[in-house]
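Hi everyone, thanks for coming. Have a look at the model on the screen, and I'll walk you through a few spots.

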Amino acid sequence: MFSFCTDPSTLNDWLWTACYLTTGVHMSFYLSFLKVLLLLAVTAPVALAFGFGGAMMARARFAPLSWVGKGYIALVRGVPDIAFFLFFVIALDQGIEYLRHKVLCPDWEMPIRQGSDFVVCQEAKMPLGNAAQWVHETYGFGLAVFTFAIVFGAFAANVLFGAMRAVPRPQLETAEAYGMTHRQTFWRVLVPQMWVYALPGLSNLWMVLIKATPLLFLLGVEDIVYWARELGGTKTPRFTDYPHPDWRMWYFLALLVFYLLFTRISEITLDRLMKRLTRGQATTGGEAQRRAGA
């Protein structure tokens, strides 16, 4: 923070604004944007892995495995996202603490369920009460990533399952006629060709994932929505050196601009990726590129 900010009452409007926007809490606000980008960078490939695994199970020839894959898709897609986020994170957190409690505190005699309370020994807490703040934040962020991956993995599984079924059957029959095994046909023919059919659905899913990042706020993670609400609220001289009226509209306007810019960049990137994937493919997009280059 600038040295001339020590006495805000002596500053003009421009210097006051510069000092206000460089306070420690504002630095946390700026870092929260990186937290959202990190969530997307980690969750997207993990969710895609969940989706690919779910799609493979759904189309498995072994019936029980296929039921598991289709059940995962139907169950998660059938529950509202907010309800799943609020329930699953609590259930997962308590499940981890319950297992740790059974291992670390075998002599515990009190019941774990005491009415509406869930009570475990201090050694079983996740994270421990005396753990550093970054440990608590990392743990919460990890739970959020895992929950996001499960939810959006189910939607990705449905998209990939449909894309696998959209690959023309003659392509697979030709591969088998040349002597390829079922495994070789899957990895060398089906998987490379399915992406062009899956990308439109995955693109929409990516946009939904971007818009779902404010759910971090519901999971207790100090994200951009949390800081926008905290910083934008009315501040009085009693609690801060930089008092101001209710500015939440301006902070949330900044979030609006951020999300619009990010989604626009995503649209441009995905459009270029789609053109690259359809090049040489027997699809409408591939045919249009072939005619344009002729």
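Let's start with the torsion about the S-S bond of Cys105 and Cys121: at about 85°, it makes this disulfide right-handed. Helices here are DSSP runs of H or I with at least four residues, strands are E runs of at least two, and both are numbered from the N terminus. The S to S distance is 1.8 Å; the cut-off for calling a disulfide is two cysteine sulfur atoms within 2.5 Å. The structure holds one disulfide.

A word on the source: this is a predicted model, where local features need pLDDT of at least 70, side-chain atom pairs count only at pLDDT 80 or more, and totals for chains, interfaces and linings use all residues. Residues are numbered from 1 along each chain as its sequence is written, and side-chain values use heavy atoms, leaving out hydrogens and water.

Are Cys105 and Cys121 buried or exposed? Both are buried, meaning under 20% relative accessible area, with exposed over 50% and partly exposed in between (1.4 Å probe, protein chains only).

Next stop, Thr213, in the loop between α7 (182–212) and α8 (224–232). Thr213 counts as buried because its relative accessibility is 0%. Leaving aside neighbours within four places in sequence, its contacts (heavy atoms within 4.5 Å) include Val36, Phe148 and Tyr259.

Finally, Arg264 lies in helix α9 (residues 248–278) and, at 48% relative accessibility, counts as partly exposed.
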